[in-house]
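Visitor: I have a structure to look at and some questions about it. Could you walk me through the inside of the protein?

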Amino acid sequence: PHPRTFSPFFLSAIRAGEAAGKLDDILLKLVEFGDQQEQLESRLRGALAYPLLLLLLGIGCLVFFILVIVPKMEGLFAQLGGTLPWPTQVLIAISHGFASWWPWMLGAAVAGGFLVSRLAGSPAVAAAAEQGMRWVPWCRDILEARQIGRFTRTLQLLLDSGLPVFQAMDVARPVLGSAMVERRIRTAQESVKQGTSVAESLKQARCFPPLVTHMMAVGESAGTLVDVLNELAAYYERFLDETLRIVTSLLEPLMIIVMGLLVGFCVLAMVMPMFQMTQLVH
């Protein structure tokens, strides 16, 4: 096998499909699975792309205003004389700080980006970032729905291909992308190995919300676990799609409001001295 091209999940599904004589069916389901996951990842990237673009454009405009416009206006204010309003003083102080420290700030930004890229693959850093995201309500919902959807979809496909439950859980575990939940799944696997049901093992290890474990328990008792996993995966995939749509629709106007307030403050700080001088002349 070629691990850089074919994941353990893909290889395990192929082996199970060959052993069960359902290779053609498994290949079609693998294609569908890959297409579904790619669509979900694409929607996730698309949900973050536009707000990130707004943020970068807004920061670029503010930096240009502070570094180019404010110094020119400062000379005009010096000619007019008088005491400047506090917003204008704050903006001028920020401009001086940028002008004096911009090489250090740029170096710190480059070093920070390099450090983040180096630490992104660290399990400890990934676990800390996940714990931080779980404190944010929307991020927690998106993270949880993505993990449950991927795990249940992968487990459903592996079980449908004929793989044993313990081995299917072992192969499906890495798709979670969460060291914390992977440890809990590993604990649940040991319980399954000792004879405990899958649903009860996941419940005891606190891997997923009660809805997931209750439905899996119903599926195990009725002998329809694969169908239940399919329904759970479809439900959480729809939930993830809807949540991303709502978050995007709220995040875009919020970004516009924040950038509008910042730009408005800068413009007000430049206009107030002129308005003040006009009143003094009158």
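**Inside the helices**

Guide: Arg153 lies in helix H5, where a helix is a DSSP run of H or I with at least four residues, numbered from the N terminus. The model is predicted, so local features need pLDDT of at least 70 and side-chain atom pairs 80 or more, while totals for chains, interfaces and linings use all residues. Residues are numbered from 1 along each chain as its sequence is written, and side-chain values use heavy atoms, without hydrogens and water.

Visitor: Does Arg153 count as buried or exposed, and why?

Guide: Buried means under 20% relative accessible area, exposed over 50%, and partly exposed in between, with a 1.4 Å probe and protein chains only. The relative accessibility of Arg153 is 8%, so Arg153 counts as buried.

Visitor: With which side chain does the side chain of Arg153 make a polar contact?

Guide: A polar contact is a pair of N or O atoms within 3.5 Å; within protein, one must be able to donate a hydrogen and the other to accept it, and residues adjacent in sequence count only if both atoms are side-chain atoms. At 3.1 Å, the partner of Arg153 is the side chain of Glu237.

Visitor: How many residues does the largest nonpolar core have?

Guide: Such a core is a set of buried Ala, Val, Leu, Ile, Met, Phe, Trp, Tyr and Cys residues joined through side-chain atoms within 4.5 Å. Leu155 and Met169 are among those with the most contacts inside the largest one. Its residue count is 42.

Visitor: Which helix gives the most to this core?

Guide: Helices H1, H2 and H7 are among those that each supply at least two residues. The most, eight residues, comes from H5.
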